[in-house]
Structures are given as C-alpha cells and as structure tokens.
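Open the model in your viewer and keep the selection tool at hand.

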Amino acid sequence: MNAFAEKLVIGRLTPEQFAQVLETLHMLGEAGAGIELSSLSTDVLVDVVRRASRDQLKAIAGHPELRAVFLDEIFRRMSEHFSPSRARHVDFVVSWRFLDGSGEDGYDRFQTVIEDGVCVSSMDLSRTPDTTITLSVEDFIRMATGNAAVAAMFVTGRVKVKGEYAPAVRFSSYFDLPKPSGD
C-alpha cells in the first residue's frame with residue numbers, strides 16, 4: 001500500500017478522481033482484499049496529504065465515508081505518536097468540532113484526553129472539555145499531519161478556540177509527527 005501511495009501522481013488527479021481512488025482503496029479493504037488505508041505508514045500518509053491540493057482534501061472532507069475514515073485514522077494514530085515526556089504534568093480534555101458534519105448541530109465531534117501520561121481519543125464526549133476546537137476537516141487533516149502552519153490558522157480564524165487557549169496552542173507539541181518531505 002505504501003509503494004502504491006508513493007507512486008501515485010496526486011497532482012494529475014482532479015479532486016473527484018483523488019476521492020475516487022481513496023474510496024476504491026477503502027472499498028477493497030472493506031471487502032477483505034488485504035488493501036487497507038490504515039496500513040499506510042504515517043510517513044506516507046503525511047506525504048500524501050502534503051502532495052494533495054486544498055480542493056482534493058476538501059473532496060475527502062465532503063465524502064461522508066472518507067471523511068469518517070480519515071478522522072478515525074488520525075485520532076487512532078494520535079496515541080501512537082504521543083510523547084508522554086513532553087506532556088508531563090499535563091492533564092486536559094480537548095473537544096473537537098468539525099464543520100459541515102452529520103452530527104448534532106452540524107458538527108462531527110471527537111474528544112482527546114491527555115492525562116497521567118496517556119493520550120486517548122474517541123467519539124465519546126463524556127468528559128467536560130477544557131478547550132473546544134472548531135475547524136474544517138481539511139484544515140484538521142493538514143494540521144494533524146504537520147502540513148499546515150498552525151499559528152497562522154489560529155491568527156486567521158480558521159481554527160476557533162473556546163475555553164482555555166494554551167492547551168490548543170501547545171497541543172501539537174505533545175506528539176512526534178513525521179515532517180513532510182519536500183520534492
């Protein structure tokens with residue numbers, strides 16, 4: 001799967017074709033063909049997002065199934081890339097609200113809890129958040145893969161924060177993410 005993704009000439013695909021390729025791969029995985037989007041290494045996933053245009057990422061965000069797959073995959077990987085040593089003495093709950101969702105009030109929602117050196121993310125919203133972050137799915141995908149200038153997103157209002165601002169600003173510093181490679 002990694003070799004296929006690395007060879008894919010993303011720049012030649014329209015947003016619809018890009019979504020169709022990903023949808024086909026996802027469908028093959030669902031059918032048990034042994035091709036799983038979740039098998040992409042984080043390095044390759046970061047590179048695919050880097051090479052994708054904003055419109056291609058919007059196509060993922062606008063496709064209900066791919067949207068869910070990408071959000072689930074990113075939140076699943078958070079715990080794998082969490083660096084407990086960077087988050088010593090840090091306990092907080094972040095609620096995520098993604099625009100244009102199918103959930104309550106038109107948002108898709110997730111929650112991330114960092115507590116006692118552990119990071120857990122899920123759709124369970126039972127904890128009272130210290131911070132609520134609202135943004136588009138495509139901006140989240142770019143931000144979570146290190147393909148966006150997070151500070152600029154806060155300044156320009158692409159990311160909205162309700163509650164404690166500091167955890168939102170420091171959030172990405174608690175993770176070891178691959179750096180996008182340039183061509």
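**Stop 1: the largest pocket.** This is a predicted model. Its largest pocket holds about 180 Å³ of space. Select P64, R67, A68, S102 and D108: among the 13 lining residues, these lie nearest the pocket's centre. Now colour α4 (54-62), α5 (64-81) and β2 (108-115), the elements that each give two or more residues to the lining. Which of them gives the most? It is α5, with five residues.

Next, colour by domain. Domain 1 (1-80) and domain 2 (84-174) each supply at least three residues to this lining. By residue type, the lining divides into six nonpolar, three polar and four charged.

**Stop 2: helix α2.** Select residues 15-30. Helix α2 has 16 residues. From first C-alpha to last it reaches 22 Å, close to the 22 Å expected at 1.5 Å a residue. Show the side chains of F18, L22, L25 and H26, which are buried in α2 along with A19 and G29.

**Stop 3: two loops.** Most residues other than glycine have a negative phi. Select D100, in the loop between β1 (92-98) and β2. D100 is not a glycine, yet its phi is positive, about 60°. Is D100 buried or exposed? Exposed, at 71% relative accessibility.

Move on to D116, in the loop between β2 and β3 (118-122). D116 also has a positive phi, about 55°, without being a glycine. Its relative accessible area is 68%, so D116 counts as exposed.

Methods: Residues numbered from 1 in each chain as written. Predicted model: local features only at pLDDT ≥ 70, side-chain atom pairs only at ≥ 80, totals over all residues. Heavy atoms only, no water. 1 Å grid on protein atoms, 1.4 Å probe; cavity = no way out; pocket = protein on both sides within 12 Å on 5 of 7 lines; lining within 4 Å. Points joined across faces, edges and corners; volume = space filled by probe spheres on them. Helix = DSSP H or I, 4+ residues; strand = E, 2+ residues; numbered from the N terminus. Nonpolar A, V, L, I, M, F, W, Y, C, P; charged D, E, K, R; others polar. Domains from an automatic or database assignment. Expected span 1.5 Å × (residues − 1). Buried < 20%, exposed > 50% of the residue type's maximum accessible area, 1.4 Å probe, protein only.
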